[in-house]
Amino acid sequence: MSQTLLKRLADTLAQEEKDGTYKHLKTIKGAIGSRIDLEGSGEVTLLSSNDYLGLANHPDVVRAAKEALDQYGASTASVRFICGTQDIHEKLETELAGFHATEAALTYSSCWAANTGLFPAVTSPGDVILSDELNHASLIDGIRATAKGVIKEVYRHSDLKDLEEKLVRHQSAPARLIVTDGVFSMEGDIARLDKIVDLAKHYDALVVLDDSHGLGVLGKTGRGVAEHFGVLSDIDIFTGTLGKALGAGTGGFVAGPKAITEMLIQKSRPHLFSNALPASVAAAGCQSLDLVGKHPERVQELKQKADWFRSHLKELGLNPLPGDSAVVPVIIGKTADAIRIAGEMLQAGIFVTGFGFPVVPEGEARLRFQVSWSHSQEQLEQAAATLVRCLK
Ligand SMILES: Cc1ncc(COP(=O)(O)O)c(C=O)c1O
């Protein structure tokens, strides 16, 4: 075997280790929660998970998954259109459509798959896609995968003037899509969706919203950033994940008009060429949606905790990025510093992740705290106090 490629990789990895930017996987023993048992560290407080509502290990969600395993088996061992669709998939899709007040929904094995499968399947040459510069990597890859001739432009982050200029320039295109994250996951800020919807109406564009970090977190009943701004019925296409606030483990979806979901069934490559969501995950997703519906107070309590944590960090003289979500980043600067401080936090019993280049721009490396409904006041206070100590 030629060693050239392997040698190159080994050299790159050695350099990353030397620079302090190497990502080491951390192993959790047992289930997720506000406290976890981490190999090599013991019990620590977790502020790095997307388990915003504490549903990932909720007994009802776990029970639903177990019962589905008994009823449906481990999998269909198939893609959806061949023989991979079970009635639990259809139930979940009906519920996701109901939750978002859309005509239909279609599930995928992940939101990554949904985002990469959506744009190539529904656009044609001449159509225009306008994408926020801080959109998630899966949206970027999905947009890049569209046909030659589909016009792809990036507008400056949440810059409505820039967006409007591009809408004006492309007014004669057959279709215009504005694509945005709901919550920008590295910044914790939210899309200016009310204004985006106004522009979309004025310039006859469709709004595609990936609210992976907003579902279950924002809005009175957890329907996300669109509900927060009161524009739920103005969003044309939602994408999202079952794997964050819903805690179902994995799985993603597109919710929108039936013409969209039907076209995805015909043409979307991750749907056509990749297996169905396991029934256990679909059942867990249904159960989580039911819990969100029955317990909107969890969403409100999470919001209060996240707001409190952000303002407490400020009281302690720190400078968290402003935002309305449960993602609270604190800028550190250099990538190696963010990773080192995260390591020191871990030694002090707080698990928070340091993000650096290329995930965020060089010089803007950060610690990203993710607040969950399951955190106690004491845990949040301790996390903030530990951060102050480590920064000193
Ligand atoms: C905004 C956004 N979209 C999509 C994804 C992908 O979600 P999934 O884990 O379901 O593939 C993520 C996950 O990090 C995300 O933050």
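**Reading the ligand shell and the fold**

A: Helix 5 (residues 111-122) gives the largest share of the shell around the ligand, three residues, where helices (H or I, at least four residues) and strands (E, at least two) are DSSP runs numbered from the N terminus. This is a predicted model, in which local features need pLDDT of at least 70 and side-chain atom pairs count only at pLDDT 80 or more, while totals for chains, interfaces and linings use all residues. Residues are numbered from 1 along each chain as its sequence is written.

Q: Which residues come nearest to the ligand?

A: A residue is near a molecule if its C-beta atom, placed from the backbone, lies within 6 Å of it. Of the 14 residues around the ligand, Ser 110, Cys 111, Trp 112, His 136 and Thr 241 come nearest.

Q: Into which domains is the protein chain divided?

A: Domain bounds come from an automatic or database domain assignment, and here they give domain 1 (20-49 + 295-391) and domain 2 (60-294). The contact between them, which counts residues whose C-beta atoms, placed from the backbone, lie within 7 Å, takes 17 residues from domain 1 and 18 residues from domain 2. On the side of domain 1 that touches domain 2, helix 13 (296-315) and strand 11 (327-333) are the elements that give two or more residues.

Q: How many helices and strands are there in the protein chain?

A: The protein chain has 15 helices and 14 strands. Its radius of gyration, taken over C-alpha atoms, is 21 Å, close to the 21 Å that the globule rule (2.2 Å times the number of residues to the power 0.38) gives for 392 residues, so the chain is as compact as a globular protein of that length.

Note on methods. Two residues are in contact if their C-beta atoms, placed from the backbone, lie within 7 Å.
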